[in-house]
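Reader: I have a structure open here and a few quick questions about it. Can you take me through it?

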Amino acid sequence: MVFYKDLFPEGVEDLHSEEYEFKEEIINCIKKIFKSFGYRQIVTPSFEYYDLYSGIEGTLSKDKMFKLIDNNGRILVLRPDATIPVARMAATNYKSCKDYLKFSYVTNIFRLNNTQQGDKREFIQAGIEHLGNDKPDCDAEVIAVGIKSLLECGFQDFHIDLGQIKFLNSLIEETKLNKFEKIKLHNLIENKNYGDLKEFLAKADISPRLQDIFNKVPKLYGKPEKVLMKARSLVINDEMGKALDNLEHVYNILKDYGYGKYIIFDLGFTEEMNYYTGVIFKGYVNNFGEVVLSGGRYDDLTKQFGAQKPACGFGLNIDKLIEVMSMYDVKKEIDCYTDYLVLYRENAREKAIKICQDLRERGFIVESDSYNGDASFYIKNSTFRNIKEIIEVNGENVKATNVLKNQINRYNIKQFYKVLDNKEILVSIH
Amino acid sequence: MESVKIALAKGRLAEDAVKMLESIGIKFKDYSPKSRKLIFVDDSEKIKLVFVKSADVPVYVEKGAVDMGVVGKDILMENKADVYEILNLNMGKCKMCVAGFNEYEFNTNKKLIVGTKYPNTAKNYFNKKGILSEVIKLGGSVELAPILGLSDVIVDIVETGRTLKENGLVVLEEMYDISARLIVNKVSLKTKSQNIERIIEGLESIV
């Protein structure tokens, strides 16, 4: 005996028909946007070798991957990230291709998140990857696609945090700290831990001038123009200056898209996935404490698969998006329904099935069932399946019960078709 | 203007935090330490205080249910939360320590058994030091563990050391300095920046 109550792991969920339909609608809407920018959809396998992920520098923590064992004893991983497999695919299949590669995907991602914290362990991510293009225009386009996706989903009140990873990295390179101290410093800045940062800097072997700069970096966030001005005054090497130029360039292009108002700069943030090498960004919907969109430039990832393709991309967490939508009531009411339920006795089966087929061809949703001549059970239960009209076929006669209007009409089959075709002309139902 | 929600841990830390907020001009007139109410609104009605259990403060802040919170570093070390740890408030100071009997000697050949309310912190600490350890998670009265032979040592926060002393234990090693921190949700800092920065700057000037 199995207790089914215990058979439901944490972090996954059943999706009921209305919710599924809603999700599909969102996904289709986003897919259309991706397509309109020329991104072509691809699929990578649900699981790949663990080595693919573990061998890559800057990937997700290994504790967060779902692992399986192959029959030959090798370890497999359920897709924990969408970008790495796409980079792998681009590098291995299109190695010599000189043109841009523009891919899109909608896929499920599996992560062993901590339990009992309300985090999903399987979720849908939709995103794009633009490979082979190192221009700021590419970064801006990728971000613009992200912004457009949020707008099309009905959001107005959101912002994109935009940063440049090289700014902080090349600043940290100026210090003579060891690897662990550098990571610590990075974390302190990322978490805007002003207090501990000050203490850490005072203890470490860092010049007062540098200390002063490091103390200011966590405060470099807010309106782009303001942040740029403040950041320019802190530049101490070429790389930092270049990083700011690049950031400004991307921002200016985004302004031409008309999306400037959604951008906030933050020069102190990094990503969980640290394969990023340039511009990075995260999208937030106001009053919702979690990231719904994230991405950035990753020029060196394909190098690890033996190709050299600069690239930029982003992913949108569809499940989070839907969560925010229900919070904001942007969620449209989705109705799953059936237009006609056709009931027949055995002697009228052939005619009834013909009617069903004709109705389906006209684009209606039709169900059918045999019955004993008493439709009251079906009428009583019509709300559960949301059936609009019940049709009883009896010899040459058709009895149509409109459940919503509580209306009964009797026709012969010829009349029924005539009425149907007239109705179609008068009101197109779909 | 939307209100800023601040989560405080019930207890002494909360009283100190409320005092700090009052000293920067954010006053809660119906607040008293004895009140059983869990939500308070300040006099300008822009700031809401909510009282939750201390271990839950980072959870509320990380998920954005509240915008900021005051919580001890011990809690933050034990359960990593994705939040901005923006200020060291320099209050609620104490130390995370390894404690045990006075004559206890670390024996590197044997697995060390540790009783603690902070299993992750303890495990990490001993791992870093290269000491094999087995951690037993306890809910409270940790001092009992070595006395009753459940564990070799304990890891706990020590303020005055009185509880330890009265139970015949001593601090064997000081691990970390603990104090209260101001944490802020990563989204709120930007979307409600005006209000939040005003509070941060105010607190920064008095700590």
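**A strand in chain B, then chain A**

Author: Start in chain B, where Met68(B) has Val184(B) of β11(B) as its bridge partner. Keep in mind that this is a predicted model.

Reader: Which residue of β11(B) is the bridge partner of Tyr84(B)?

Author: Val184(B) is the bridge partner of Tyr84(B). Val184(B) is also the partner of Met68(B).

Reader: OK, and the strands themselves. In which sense do β4(B) and β11(B) pair, and over how many bridges?

Author: Antiparallel, over five bridges; β4(B) covers residues 68-72. On β5(B), residues 84-88, four bridges join the strand to β11(B), and that pair runs antiparallel too.

Reader: Is β11(B) mostly covered or mostly open?

Author: Mostly covered. The strand runs over residues 180-184 of chain B, and five of its five residues are buried.

Reader: Which residues sit on each side?

Author: Ala180(B), Leu182(B) and Val184(B) are on one side, with Arg181(B) and Ile183(B) on the other. Those residues are all buried, which leaves both faces of β11(B) covered.

Reader: Switching topic. How many residues are in contact between chain A and chain B?

Author: On chain A, 16 residues are in contact with twelve residues of chain B. The elements of chain A that give two or more residues to that side are β7 (158-164), α7 (194-203) and β8 (221-222).

Reader: Which element gives the largest share?

Author: α7(A), with three residues.

Reader: And how do the residues on that side divide into nonpolar, polar and charged?

Author: Five are nonpolar, seven polar and four charged.

Reader: Now chain A as a whole. How many helices and strands?

Author: Chain A has 15 helices and 17 strands.

Reader: Is it a compact globule or more spread out, and why?

Author: More spread out, because its radius of gyration is 29 Å, well over the 22 Å that the globule rule gives for 430 residues. The C-alpha trace of chain A spans about 95 × 55 × 45 Å along its principal axes.

Reader: What domains is it divided into?

Author: Domain 1 takes in 8-328 and domain 2 takes in 338-426. The C-alpha centres of these two domains of chain A lie 53 Å apart.

Reader: What percentage of chain A counts as buried?

Author: Of its 430 residues, 35%.

Reader: Last one. Of the contacts in chain A between residues at least 6 apart in sequence, what share joins residues at least 24 apart?

Author: That share is 68%.

Key:
Residues numbered from 1 in each chain as written. Chains lettered and ligands numbered in written order. Predicted model: local features only at pLDDT ≥ 70, side-chain atom pairs only at ≥ 80, totals over all residues. Contact = placed C-beta atoms within 7 Å. Nonpolar A, V, L, I, M, F, W, Y, C, P; charged D, E, K, R; others polar. Domains from an automatic or database assignment. Rg over C-alpha atoms; globule rule 2.2 N^0.38 Å. Buried ≥ 20, exposed ≤ 12 C-beta atoms within 10 Å, placed from the backbone. Pairing = 2+ DSSP bridges.
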